[in-house]
Amino acid sequence: MTDRAASQRPFQMVEGGRGGRDSRPAALRRLLTQADLAFIMEAHSGLSAKIVEEAGFAGIWASGLSMSAMLGLRDNNEASWTQVLDMLEYMADATSLPILVDGDTGYGNFNNVRRLVRKLGERGIAGVCIEDKLFPKTNSFIGEAQPLADIEEFCGRIRAGKDAQTDDDFSIVARVEALISGHSMDEALRRAEAYHQAGADAILIHSKKAHAGEIIGFMERWGDRAPVVIVPTMYHATPADVFRKAGIAMVIWANHLIRSSITAMREAARQIRDSESLGAVEGRVASVHDIFALMGNDELEEASARYLPAVAPPRAIVLAASRGSELGALTAEQPKCMVDIRGRPLLRHLVDTLGSSGVRGVTVVRGYRAEAIALDGIATVDNPDYAVTGEAASLACALEALTQETVIVYGDVLFRRYILEGLLATKADIVLAVDASPERRAARLANPRDLVRADRAFSATYLDEAPARLLAIGLGDGADATGEWIGLMRVTARGAALVREELEAMGRDGSLAQADLAVLIDRLNAREPVAVHYITGNWLDVDTMTDLADARNFS
């Protein structure tokens, strides 16, 4: 058998007609007839279809097993064909990829098949695979010697489907179950040829052997009569090059997304159940933002900008004026915020985290080696007196950027995105992110200026959605501290106005130059309630070489 990449096929993609080169059925037809081996991946929902496209696959296998499992049903036609159609419609809406449907037996005789094909066409489905077994079907990997359909009757199903298709490029793949049901290779070839003559656009030859011997043996005798599709679930150790050399057209990875999701869900559920907390999994699972991104929330934001009154996204001010002398030679020619963490400056990681949570318009306050801070997508202001002034003075340099909802953050802090998202969702004009994890107690006592006391301590079982209220910041001995401010806060437009007023007042009374942010927050809290949003870990500030090593692992 010659390598498929070097061979010329007598079958070609149908051009024109009611389909066309740009249709999804045409895309599937190209995959089946192209020179090189094609791969398509199982999906079972709109979400998994998006993940398949995101991964770079060229097509989707809508698995009957997986869709049944999604509904909590067995792969025995317990899910009705109309329920399958509903799921396929969501999948087709969610992706631009061609979808080849696992159509089981066609859900009945020729009449069911032709109605199925028409309905699939209405939903933009590219093709259907039907198997030569009896309705209701049983999964091929269950039991032995399952009865097969009469050849002529099954050929009638294929002809009815081809007559019913509404797109000339729609593909019907005939799945031959002879080998998997214990029949001979001669029987498998006899059935495949009959289905090919009946109009099948491709043949799926199925085997449950742990090696690809049956598949290779079939290809040696089949030649190039029609494209051949395989499902190597059982002979998964076979390298793809073996399939290429055999002349196989398409490989279906048939059920690995549903199986991997079961593994992940079991592990997350077990950890949450055992720990009675989300701390064991939060930060290791997909964030809510990841879901928003997969669902196309960016497009909704763009549409909202076109059709709704404008609502400004939050901005950010990053205080990055200090050198960070504790890092020695690493900050001799650049400020701490520009030290390398896995090939990118620390500040780049921070700015990307802000952007991924919807923050737009990042202003960085520079000081030491200001010229070294030059990143795409940021604005900069300089504090020329950075060496003799504190953080409040650096923030005052960015007053022009402090006009709306704003995140204020130190330039040497890294945190998981969900922390910022929780802060942005907190209903308060001024809110601080405060770490209440007991593991940070020693670090808190070493840096008492960031210690806070709130009107209630953190509790994983506290059900009130209202945030805690700040009572004091900058505690001396830390005895009554309920947590540590991590250097991250958010203000609404009203909160921004309050911060501006307080900074101006500090400038007038002479306290601005030497004040840190804890002093500013304390003054704000005296006139307006400051909220506390508790977190437990999943952040760090980079002050020492040990912190820098941790940051490289963290990122």
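**Figure 1. Surface and overall build of the predicted protein model.** The accessible surface of the protein comes to about 24,800 Å², and carbon and sulfur atoms hold 52% of that surface. Accessible areas come from the Shrake-Rupley method with a 1.4 Å probe, and for residues only the protein chains shown count as cover. This is a predicted model, in which local features need pLDDT of at least 70 and side-chain atom pairs count only at pLDDT 80 or more, while totals for chains, interfaces and linings use all residues. Residues are numbered from 1 along each chain as its sequence is written, and side-chain values use heavy atoms, with hydrogens and water left out.

The protein has 19 helices and 21 strands. Both are DSSP runs numbered from the N terminus: helices are H or I with at least four residues, strands are E with at least two. The C-alpha atoms fill a box of roughly 95 × 45 × 45 Å along the principal axes. The radius of gyration is 31 Å, whereas a compact globule of 555 residues would have one near 24 Å. That radius is taken over C-alpha atoms, and the globule rule is 2.2 Å times the number of residues to the power 0.38.

Of the 555 residues, 51% count as buried. Buried means under 20% relative accessible area, exposed means over 50%, and partly exposed lies in between (1.4 Å probe, protein chains only). Among contacts with a separation of 6 or more, 74% join residues 24 or more positions apart. A contact means heavy atoms within 4.5 Å.

The side chains include 60 positive and 77 negative ones. The centres of the two sets lie 4 Å apart. Lys and Arg count as positive, Asp and Glu as negative; His and the chain ends are not counted. Each charge is placed at NZ of Lys, CZ of Arg, CG of Asp or CD of Glu.

**Figure 2. Helix α17, residues 493-509.** The 17 residues of α17 should span 24 Å at 1.5 Å a residue, and the end C-alpha atoms are 25 Å apart, which agrees. The expected span is 1.5 Å times one less than the number of residues. The buried residues of α17 are G495, A496, L498, V499, E502, L503, A505 and M506. An α-helix has 3.6 residues a turn, so residues three or four places apart point the same way. The cover over the buried residues of α17 includes α14 (391-396), β16 (430-435), β19 (483-491) and α18 (517-527). Just after α17 comes G510, with a positive phi of about 85°.

**Figure 3. Helix α10, residues 256-275.** With 20 residues at 1.5 Å each, α10 should span 28 Å. Its end C-alpha atoms are 29 Å apart, which agrees. E276 follows α10 and has a positive phi, near 50°.

**Figure 4. The loop between β3 (99-102) and α5 (110-122).** D104 sits in this loop. Its phi is positive, about 50°, although D104 is not a glycine. D104 is buried, with a relative accessible area of 4%. G108 lies in the loop between β3 and α5 too. At 18% relative accessibility, G108 counts as buried. G108 and G474 are 366 residues apart in sequence, and their C-alpha atoms are 74 Å apart.

**Figure 5. A174 in strand β5, residues 171-176.** A174 is buried, with a relative accessible area of 0%. Neighbours within four places in sequence aside, A174 is in contact with I130, F154, I158, Y195, A200, A202, I203 and L204. S68 is 106 residues from A174 in sequence and 21 Å away in space, C-alpha to C-alpha.

**Figure 6. S45 in the loop between β1 (38-43) and α2 (46-55).** S45 counts as buried, at 16% relative accessibility. Residues up to four places away in sequence are not counted here; S45 touches M70 and M91.

**Figure 7. R416 in the loop between β15 (413-415) and α15 (417-425).** R416 counts as partly exposed, at 26% relative accessibility. Beyond its neighbours within four places in sequence, R416 is in contact with G283, N538 and F554. R416 and V242 are 174 residues apart along the chain, with 44 Å between their C-alpha atoms.

**Figure 8. R342 in the loop between β10 (340-341) and β11 (344-345).** R342 counts as exposed, at 56% relative accessibility. Its phi is near 55°, a positive value in a residue other than glycine.
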